Amino acid sequence: MVVYGLSATYSVFLWRKGFRQGDRVNYGLLLLAAIFHTTAMFQRGISFDRCPVNNLYEAIMFVLWTMVAVYLVVGLWPQLRFLGAFAAPLFLCVGVFALMPGLDNRYGAQPEFKHDWVSLHAALILLSYGAFGLSSIAALMYLTQEHDLKFHKMRAIFSLLPPIQRLELVIRRLMAAGFVLLTAGLVIGAVWLKLPEGVGYLEDPKVHWSILVWLLYLALLFMNWRFAQGGRRFAWGAVGCFLFVLLTFWGVNLMSPIHH
Amino acid sequence: MPIVAIGLSHRTSPVEMRERFAFAEAKIPEALQTLRSRGVAEEAVILSTCNRVEIYAATDNTDRSIFEALQRFLVEARDYRGPLHEEIYKLSEPQSIEHLFKVACGLDSMVLGETEILGQLKKAYDLALRHKHTGGRLNKAFQRAFQVAKQIRTETNIQRGSVSVGSVAVELAEKIFTALQDRQVMVIGAGDTSEKTARALLSRGAQSILVSNRSYDRAGALARELGGRAVHFEEWAKEFERIDIVISSTAAPHYILDRARLEPLMKLRRNRPLLLIDIAVPRDIEPEVNFLENVYLYNIDDLQAIADDYLQQRREEIARCEAIIREKARALAGAEPPSHFTSGSRPVFGHE
């Protein structure tokens, strides 16, 4: 996590410099972090003698590991290496979030997700947050580039960022993909999952929270589609909603008797 | 076998003189044949563009008389009878190789760092190669020059950015729109700079061009030239719904487009991004419109400032480029047995 933190700090300097060239230092830092991360995951897997994706902490770390691996592959192309400057702060946030207390619960001899539907429910929802996370990265790129273009900054032209129209399309598509995954995950949770005796959906804070998140993204997509609310507001919406998810997920999880 | 270079360029001679020395492409193979059959050079390439006429030759003649022979050839071939003073430069190794590399990288070009010259140099080399007027020495030098040009392009910022208003506008458009292919451009007011800007956008694939001018005839004439359509000046706003890029350069003494007028038009366009390029003085577009969402307004000073910044950046890169070139030229010259030339053949350009 320290190396992810270093990379995120270094990214601040890259932002100030503008994204003129793919930066090897940042790529190296993230590579180093990924090596530590992989080693830790292996050690954990060997010590428990099974794939370390059994509780929420491990699931989040696994999602983070996948995202870092995707970046490292994409970053092999020097033209796309600048993406690390946007991804590193997100990696740090996700990693810090995974370390929050209460997520790394002990588990018994059997994995907690023994039912297929439960696994699918959790996997789809985690994937949807991954898509929302990527969409917020694209939104950060959009906001940077849009600001530079508005205020006639030289780096708008010098940077390696793609055109803002394409970035907006990327935000929209990733968000729509996340929304579909979230919907599917929630539907599975609501229809096929059996709850323990005496627990209802309607009293569970995480269910309320998930519906709120679902409504937020629905509103963003609907405004974008129906009222042409694109551009800066849409990008801020993507960043804001994901920040909301990041900041409240942990607390809501602890409050939920079903999910805790 | 050392390489020598002789020629004249925009740095040493006016256009009237350069055009007298220029070779038509069809005549170059014949000229190269003459050079070799007279024994002046064993291998030769002639580069003739609007900014320079140069002969690169590889010869066993290590005497300075080679330059006299080459100059005599040049003068006779073009039947030049006027006086010659400092216009023709004569370079021996390693300056000749350094010069070739600089030319390939656009460091010796009128527009610093431009890339067109590399294509012209490749063409000149290819012509000589096809007619078998090059050999191991020039082949190696030219191939190396193309490699150095590529290295300079990727490792330095000498070729990054645009140094003209028109090309800056194109770059801005490319940072806003996914592709220029489907973009509709409107030119309001037909002026020289707006025409150049429109042409630059067209050359990158922008779709239709609409031209609106107070004089409908002038609008029609420009529209025909640009392959677009003329629109009556009073009706340009009606076309706005489909427009993505506006280039405005009218002589109007007041704003022709202000925030109050643009706001409803943006709603009609469903808030798609709009690039406004105002190259008129006094300005045609109220600066306030830049505060509208998805509107990007650039006036002539903004564009010029970007172009100047680019130029400044390119100038700052010269030292880095020259260091790379010097190293590569010495490496190439070092691979050959030393020539008997003293480096007395003067490097003509003060900056080089």
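Tutor: Two residues are in contact if their C-beta atoms, placed from the backbone, lie within 7 Å. Helices (H or I, at least four residues) and strands (E, at least two) are DSSP runs, numbered from the N terminus. The model is predicted, with pLDDT of at least 70 needed for local features and 80 or more for side-chain atom pairs, while totals for chains, interfaces and linings use all residues. Residues are numbered from 1 along each chain as its sequence is written, and chains are lettered from A and ligands numbered from 1 in the order in which they are written.

Student: Which elements do the buried residues of α2(B) pack against?

Tutor: They pack against β2 (43-48), α3 (65-77) and α5 (116-130) of chain B. The helix α2(B) itself covers residues 28-37, and its buried residues (20 or more other C-beta atoms within 10 Å; exposed means 12 or fewer, partly exposed in between) are Ile28(B), Ala31(B), Leu32(B) and Leu35(B).

Student: How do you know on which side of α2(B) they are?

Tutor: The arc is taken from the directions that lead from the helix axis to the C-beta atoms, and here these residues cover an arc of only 100°, so they are on the same side of α2(B). Glu30(B) and Ser37(B), on the other side of that helix, are exposed. After α2(B) comes Gly39(B), with a positive phi near 80°.

Student: What makes Lys132(B) exposed?

Tutor: Lys132(B) has 12 other C-beta atoms within 10 Å, and it is therefore counted as exposed. Lys132(B) sits in the loop between α5 and α6 (136-155) of chain B, and its phi is positive, about 60°, although it is not a glycine.

Student: Why is Arg270(B) called exposed?

Tutor: Arg270(B) counts as exposed because it has 12 C-beta neighbours inside 10 Å. Arg270(B) is in the loop between α10 (259-268) and β9 of chain B, and it is not a glycine, yet its phi is positive at about 55°.

Student: What is omega between Glu93(B) and Pro94(B)?

Tutor: Omega is about 0°, and the peptide bond that joins Glu93(B) and Pro94(B) is cis. Pro94(B) has its place in the loop between β4 (89-91) and α4 (95-105) of chain B.

Student: How many bridges join β9 of chain B to β10(B)?

Tutor: Two strands pair if DSSP finds at least two bridges between them, and five bridges join β9 (residues 274-278) to β10(B), the two running parallel. Leu275(B) stands opposite Tyr296(B) of β10(B).

Student: How do you know that the span of helix α4 of chain A agrees with its 16 residues?

Tutor: The expected span is 1.5 Å times one less than the number of residues. For α4(A), residues 83-98, this gives 22 Å, and the end C-alpha atoms are 22 Å apart, which agrees. The helix α4(A) is also mostly covered, with 12 of its 16 residues buried, among them Phe86(A), Leu90(A) and Phe91(A).

Student: How many residues does each chain bring to the contact?

Tutor: Chain B brings 19 residues and chain A 15 residues. On the side of chain B that touches chain A, the elements giving two or more residues are α7 (165-176), β10 (295-299) and α11 (300-334), and α7(B) gives the most, with five residues.
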